Structures are given as C-alpha cells and as structure tokens.
Amino acid sequence: MTARGRKRVFFSLFFGLYCTVFASLLVWINALSPQPLPQINTVKLLSDNKTLQIKGNHLDQYVDAVLAPSINEEASIVAKKFTWGEAFDIKIVNGIAWVANHTKGLIGYNIDDPEHPYAISSLDFPGKTRVWSLALSGNVAVISASLHGIYLADLSDPSHPEIVSHLPLTGVTQCIAIKDQLALIASGTKGLHIVDLQDKKNPKILSNLDLDGYLHSVTWKGHLAFISGGIPKEEQGLTYVIDITNPEQPKKLKAFSHKGKVWHNRVVGHRLLCGTTDNVDVIDLTQPLQTQEPYSVISGISVTRLFDYQDRLYVISRYQRIYQYDLSDNFSHIKTYNAARRACRAMDIQGHYGFIASGAYGLSVIDLNSSGEYSNPSLSVKNLFQRKSPFYIKDDMIVIIDEDELKIGHSTTSNSTHLIEKTFALPGKVTAMLGKGNRIYLCIKNFGIYALDLEHHHDDEALKGLFPLDASVRSLAIHEGTLYICQIDGPILQVSLEHKPYKPELFIDEIARCLLFDNKVIYLAKDPNGLSVYRKADKTSAPTRIGAIDYPERLTQSNHTTDLFKIDNTLFFGSSKGLISIDVSLPEAPRILDSIELSEHCRTVQVVDNLAYVSHTLGGMSLVDIKDPHFLKELCSLPEIEKFFVEKKRIYTLDLIGNLHISQVPRHLDKDRIKDCMLNFHLPRPDAEGDFDLFLSDVNTTKSIKRTLSYTRKSGWTLNTSSANKQLHSEQSGGI
C-alpha cells in the first residue's frame, strides 16, 4: 500500500473515531440535560367510544394511564371543614352546628348553606380540658370535660358563646343526657351522676350511684335511666336500668350483659337500642325488664353512635360508614353512606343533610338523598390485619384470619358479597399463614403449626394441630411436600409433610424473612437486609450458599415484609420502602437493577401480570409497573383501598369494619403513540357498569381524574370532558 493510501486509511479511521466520540458525547450531554416534562393539555373520548385521546407536549413513552373503578369512598360527602383536634360530638340548635372538639373546645358552624359551612365562633376551656360530648338544655350547652367534670355554656348569641359555670365531678365525664332540668352523666368508673340544672350558674350534684364497669353512655325514658358501657379488658358489655323517680336516691333495678362493649345507647319509641363493638342490641321497654335479655337486630358493625330521624335509624361506625335502617320490626338495611376516612364519631341532621363529627377531619357534611351504597356488612372482623395474608381465596370461598378466629365466607349468587359460613376458634394469635390448594397452614403463637382442610371445612375436626413449635414465626413456605418455617429469631426449619410424626429439622442456619424456591435454587430474604442464594442438589443434601447481596442503603432495617417474586430472570423483592428488582440470570452473582421508593410505608406486595400491587401499612395501595425491571414506575396510588387480595383480575378489599368488596383490578391501558403531542389509550370492556377514575403518570408524577368516565352496557363509555379537563388543569404544575 502506498503512503498516500495509508494516510487515507488512517484519516478514515481517525475521522470515524472522532465522529463516534462526538456522537457519544452529544448523547451523554443530552442524557444529562434536563428533559422537558410531558404536558397534557386535553383529554377526550373519540367517536368510537373505545379510545381515550390525550393531547399535549413531549408525550414520550413514559406517559401511562391506569383505569380503576371509582371507590365510593366519599361519594355522599358534599363538604368538609378541617379543624385541628378531634371532633367528637355535634348538636344543631337554631341553625348552628356546635361541634365538641376534643382539644379545641366548642366550635360553632353556620350551616345555612350546608355545602359551604363556615366557623363563626369558638369557645376554649381552661387548662388541659378535653371535651368529650355535649347536650343541650334550651340555649345552654352542657359539655362533658373528661377529668374536669362539666361546663355550662350560653349559646344564645352564637357568635359569642360564653362559659356560664363549671362543676367538677369524680371519674371521667362521658355522655350526658338531659331530662327536664336534670343532667344524667355517665362518669366512667364512677357510675351515674345526676346534676340539678335549674340554676345554670350554680349547678348542683344531687346524687352519685357507683356501678361496676366503665360507663360510656346514658339515656332515659319516663322514670328510668339506662347507662351502658363495659368491663375493661374484656369483651363484655353492660347496661344498667336505674330508677330515678327520686333523683337524690337513684336505685339500680337490673343489669343486662352484652357481647361486646356498649359505646352508645338510645331510646327509640318503645325500644332501648345499645350499640356494641359487634352488634346493635334491643331491649323491649314494653315487656318486663326482669325477665328478658337483649337480642341483636343488626350484626357486624363496631358502633360509635346511634341516631334516629324520621323513622330511620343511623348506625354510625367509627370507621368510615354510616348505615341507614328503617325502624320497623325487622330493621331492614336501606343504604350506606361513606363519611370521612377512618373517622366517624357522631352526627346530627338538618333537612336532608347529615352533619358528621369526623374525628381528626373536623366537620363533614353528607347528602342523605344521595344513592349511597346498597351493601350491608357481611363479614364481622375485629382487628386491622397487621399480618401478611389475611386472605386466602379458593374457588368461591374466602378465608380470613381475625385475631383468634378463622372465618370461612362463601360467595352469594351475585359473587359480590360473602357470607360467613363457618368459624373456627383458634387457641392463640396467628403469626403466619400459607394457603396451598385445599390446605391452609397456620402458625399459632405458643402452640405450633395447624392445618385446615378446606374440602371438609364443615367438619369441626377439619382444623388440626400438626406439631408444637415454641418459636415466633415470620413466614411459611411449601415445596415438594416439605414445609419451611422462617423464624423471627432463629434459623429456617424444614418439616416433611409426607412422614408422621412431623419433626422440625434445621434447613438453613440463617435468619430470614422469607424464602423462594426456583427449581434447585433457593432465594432467601435475609434479616435485617440483603439476599442470600443457595443451591440444593437433591432432597437429602444440605443447601450450599452460592451467592449473596447486601445493600443496606436499599433495604431498610425496619423491613417487615415477606414478599419475593421471580419473573423470568428477575427477582422482585418487597421492602418497607417500596420495591427492588434483582437480576438473577447468574444466581451466583445477583445484582440490583432498579429500586422504587414509595411515599407510604409498605406492608405487602403481590405481583400479577407484570404489575405489583403494594399495600401501605396505614391503608392504601400503589400500582407499580415492573414490565421493565430496569425501570420500575409507580402508575397510581389509591389511598381508599384497605386490606386487599388480587385474584383472577378481581380485587378483594376488606375495610376496617369488615365490609368485603369485590371489583375488577385497576387496568394498565394499552397505548398507541401517534406523535409526540398525541397518545391514544384503548379502553377495555369492564365487567360491571359504573364510574371509573383515570390516573395519568410520567416519570415523576401521577395525576388523577376522578368520576368523569362512566360505562354502561347500553351506551358504552362516556366522558365528562369539561370535568376531566378541569381536574387535569387544576392539578397541573409544570408536568402532568
């Protein structure tokens, strides 16, 4: 080759290398440069009624949409008024709603326009007074002040309420009932106080009747007072019947017992209604009291208050719901209203509006003419399901662990509600649960491992103890006929279920939260953090440790989750902070691919069809796209969702008072990118009619468009375009 030819070759190579380096530099600079955020301008439904079109700017491949059935969480609420402190009680007088705020005293609200209430005055009380409830005697409010007895306040000028007098009482002042010029007061462990209110500036104690138990509520009819409560640390309620013919010498006539503490009682017509932690009990006041016992007319509700209005009974639950029943003999359910989340203390009614003392949420207003929900509570539960798996679903049965009981529910013909079919009493607290086919394995603290045969669940002997185990257990796993037990403070044990008697043996001498089998490879989520990988050659050989990964900056020490999932060559690990993807194509050398940290503390993760359903410890759910393990992305967050389980494209949710709801899972919509300023999302045909919420997300943010999409079998999809775009633009701030 000539010298000139060599120069041309060298020049070509140099020029090619230069172009490659320059192009790489441009790509690198572009990657580091701030990219414009996607901006959505409009949302509309195309004429085919099946396609949702999004227009805007920079709509790149990371813009996604999720469709979820609207949760009727606050459909009835027309107004909220937040205040610091806890709203515990409410009474309406002369068009003013007076709210007893536990730490902020008495607050008066103008409710001329029920959908826009506003505070007009407040009344503070001296010292560290904690307001519990109030009762009205004309224009004077009698206010219970917990450890400080009662206060009387003049409400004749609503803009300037004034304290009239104060009367110290023994005990903890709870509920107050007014009878003529008498105040009947439930005083915790100090029984019943009767106070003379004739001189409002100088109220006087007429008597104090000591009674057993802790007493919360009091009411009256004629010459009888009824005071209710319960025995501390026991699930037993009490109701006393007191003769107050002579208020200076009240006499106890009868004591009734209830299953569950009584939080509130109320006389409605000829019946005394007692709301307990489990039921609404009735005592018939037309029958001799000495010869009868309370009977339940409504079950499955933990009652906070009872309220009656125009032949309707409102059963108020501490958590979220107000149930409306007729006051006929059968107490048939009419509808259910949703109040502010996690708080519902008391209510009063004016017109067709219900005014709710909503705990930490202040004052809420619901429209009683709204449709509400037509679902009655079907499952009664006591706790908040802190364990990993409160659910196990097999065909049309659902199994729920409820403190020291195992309940089996069977679906109705509509498949939307489940009724309790069988209940098994458990000897102790369940610390771990595993369902496999027709068998459920339970670890019961201080007792051992139990198994339930679902095929014969009607038989009382279907639940059997397999073997004792004196250890705290975090999770269970089963593989090829062997049960594996991850202890909290000890090594992993194995028990062959093919040979009796069952004998726990050492499997791996390492503390773990959970483990996952993949053929002969075992993935072990370590405690407190990290991942270990073992290989097991055969059934008789001990596992050999072949790999490990420790990332304390990614795995928090407070991790209590027990979730491992493997899809192809990727392991997904649920942590208290969120979700981690790990490449295990070479099990000996696992490596982190990506991690996503969610804003809420996470409790459990369930992976279905390239989507991770992450439950939050304090309620709520995040949906995370895991299709690309190198890029985990939160698609939406549903704060209203409580405890849930996903099965066969349905989501089973259980709220804090035991209502079971079944609906289709949120759908990650397929999309076509027309250009960078337009995306088309394809709407599926849902299983049920109703309203739907739309969630739009980019790399960093998620925006919600609530109750604008509706589906009916007759008309298909419809979109309230103006409402959708109004919500979209009211939430936007620089991005989606």
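Reader: How many salt bridges does the structure hold?

Author: The general idea goes like this: side chains of opposite charge can pair when their charged atoms come close. Keep in mind that we're looking at a predicted model. In this one, the structure holds 17 salt bridges.

Reader: Let's take one. With which residue does Lys91 form a salt bridge?

Author: With Asp89; their closest N and O atoms sit 3.3 Å apart. That counts as a salt bridge because the cut-off is 4 Å between a side-chain nitrogen of Lys or Arg and a carboxyl oxygen of Asp or Glu.

Reader: And is Asp89 buried or exposed?

Author: Asp89 is buried, at a relative accessible area of 2%. Lys91 is partly exposed, with 24%.

Reader: What is the closest N and O distance for Arg591 and Asp583?

Author: For that salt bridge the closest N and O atoms are 3.2 Å apart. Asp583 has a relative accessible area of 13%, so it falls in the buried class, while Arg591 comes out partly exposed at 45%.

Reader: On to the nonpolar side. Which residues touch the most other members of the largest nonpolar core?

Author: Again, the general idea: in soluble globular proteins, nonpolar side chains tend to be buried together. Here the largest nonpolar core has 23 residues, and Val43, Leu52, Leu694, Leu696 and Leu709 touch the most other members.

Reader: Which elements give two or more residues to this core?

Author: Among them are strand S1 (39-45), strand S2 (51-57), strand S62 (690-697), strand S63 (702-712) and helix H2 (721-731).

Reader: What is Val43 in contact with, leaving aside its neighbours within four places in sequence?

Author: The list includes Leu52, Ile54, Leu696, Ile705, Leu719 and Leu728, along with Gln53, Thr721 and Asn725. There's also a second, separate core of 19 residues, which includes Leu476, Ile485, Val495 and Leu497.

Reader: Now zoom out. How many helices and strands does the protein have?

Author: Two helices and 64 strands. Of its 736 residues, 54% count as buried. Taking contacts between residues at least 6 apart in sequence, 46% join residues at least 24 apart.

Technical notes
Residues are numbered from 1 along each chain as its sequence is written. This is a predicted model: local features need pLDDT of at least 70, side-chain atom pairs count only at pLDDT 80 or more; totals for chains, interfaces and linings use all residues. Side-chain values use heavy atoms; hydrogens and water are left out. Helices (H or I, at least four residues) and strands (E, at least two) are DSSP runs, numbered from the N terminus. Buried means under 20% relative accessible area, exposed over 50%, partly exposed in between (1.4 Å probe, protein chains only). Contact means heavy atoms within 4.5 Å. A nonpolar core is a set of buried Ala, Val, Leu, Ile, Met, Phe, Trp, Tyr and Cys residues joined through side-chain atoms within 4.5 Å.
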